[in-house]
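Reader: I would like to learn how to read a few features of a protein model. Please take them one at a time.

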Amino acid sequence: MSVYRMAKEYRPKPRTAKPVVIQPDYELGGLTYDREGYLVTAGEQMELGVIFNNLSNQTVAVRPELSPAPGVETVRFNSGELTLEPGARKEFRFTVAFTQALSGEEYSTFLLADGNGNATPMAVAVKRSRKSEVTLPVTTAPGEWIPIGDWRPLAVSKADINAKFRLSWTPEFLRLEVSVRDPQHSCDYDANQAWRGDSIQFGLQARDGKTPPQRLKFYNFCAASCAAGDTVYRHEPENVFKESVRDQIKFRYRRNNADSVYELEIPAGEIGIEHFDAGGQFGFALVVNSGSPGSRNGYLTWGDGIGDGKFPALYNDLKLVK
């Protein structure tokens, strides 16, 4: 009844149209971003450009103002007035820098506005990157265990699993081992949907040190003991018709008391290269999913860019050495 009254009493109001529109005018190619905003590092500077567009038939003066967020500092900003003739447009550029005070947990927003009130402010969302780097020497022996402690809740607020992983490599293979403390294994899904239950997912991308990651091909995999058996499924974010179970990847799953252990050997060809070499640079992110019958509880993640969206620029850095 209350919704009905709200609808019946609704009276539309005229839209308040301001004469000037602020238009972003900067390239995304050199920036790391996802659907929520930009990932930046402490100490980094960012130059941004905008265009003030006067869409009215009157001469309008705008006075740029910047409202920074905690951890965002102004480096270069000219707050003098800009006069816009009817239908005119003018470029405006400014530079900001980021400090450790910028949140790495959630996005912070700073605003570019017109102090004269003739334009709706433009918001820019930024978050401090927490990317990690792992350096791997060539060896057939397992590397050191790395804990996975970043819990992303879905149906369960607190982490109900613990996990760690380790990596090693040879020219032919990248070896991944994941150990998960989970009292009960639950994954009654087909291979292409196994991420909904207890499973691991990882993203891999070969990099050249020059091309921005968002312009390079990347691969997502899911390994699980599921309704289809012990399988590795390769998801193709750029072409779903190429998705398939990957028999080329050696995969062993075993239960060790309350632990689930995933062991994989990933051939170089699975990520579009001929072999792994010392000096090789890769993006790598890992997710450990926790499920129960009919529910995806949440996941632990090492690196971003795979659990919530597919953004390889957010992967952690993996470097191979002799």
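Author: Start with contacts, meaning heavy atoms within 4.5 Å. In the protein chain, 65% of the contacts between residues at least 6 apart in sequence join residues at least 24 apart. This is a predicted model, where local features need pLDDT of at least 70 and side-chain atom pairs count only at pLDDT 80 or more, while totals for chains, interfaces and linings use all residues. Residues are numbered from 1 along each chain as its sequence is written, and side-chain values use heavy atoms, with hydrogens and water left out.

Reader: What share of the 322 residues counts as buried?

Author: Buried means under 20% relative accessible area, exposed means over 50%, and partly exposed lies in between, with a 1.4 Å probe and protein chains only. By that rule, 45% of the 322 residues of the protein chain are buried.

Reader: Take E65. Where is E65 placed, and is E65 buried or partly exposed?

Author: E65 sits in strand β6, residues 64-67. Its relative accessible area is 35%, so E65 counts as partly exposed.

Reader: Which residues does E65 touch, leaving out those up to four places away in sequence?

Author: With that exclusion, E65 touches F77, L111, L112, A113 and G115. The side chain of E65 also makes a polar contact of 2.7 Å with the side chain of R63. A polar contact is a pair of N or O atoms within 3.5 Å; within protein, one must be able to donate a hydrogen and the other to accept it, and residues adjacent in sequence count only if both atoms are side-chain atoms.

Reader: How is a pair of aromatic rings described?

Author: The description uses the distance of the centres and the angle of the planes. Rings of Phe, Tyr and Trp (its six-membered ring) pair if their centres lie within 6.5 Å; planes under 30 degrees apart count as stacked, over 60 as edge-to-face and the rest as tilted. The structure holds 13 aromatic pairs. One of them, F165 with F284, is tilted, at 6.0 Å centre to centre and 50 degrees between the planes. This pair links distant parts of the chain, 119 residues apart: F165 in strand β15 (residues 162-169) and F284 in strand β23 (residues 281-292). Both F165 and F284 are buried.

Methods. Helices (H or I, at least four residues) and strands (E, at least two) are DSSP runs, numbered from the N terminus.
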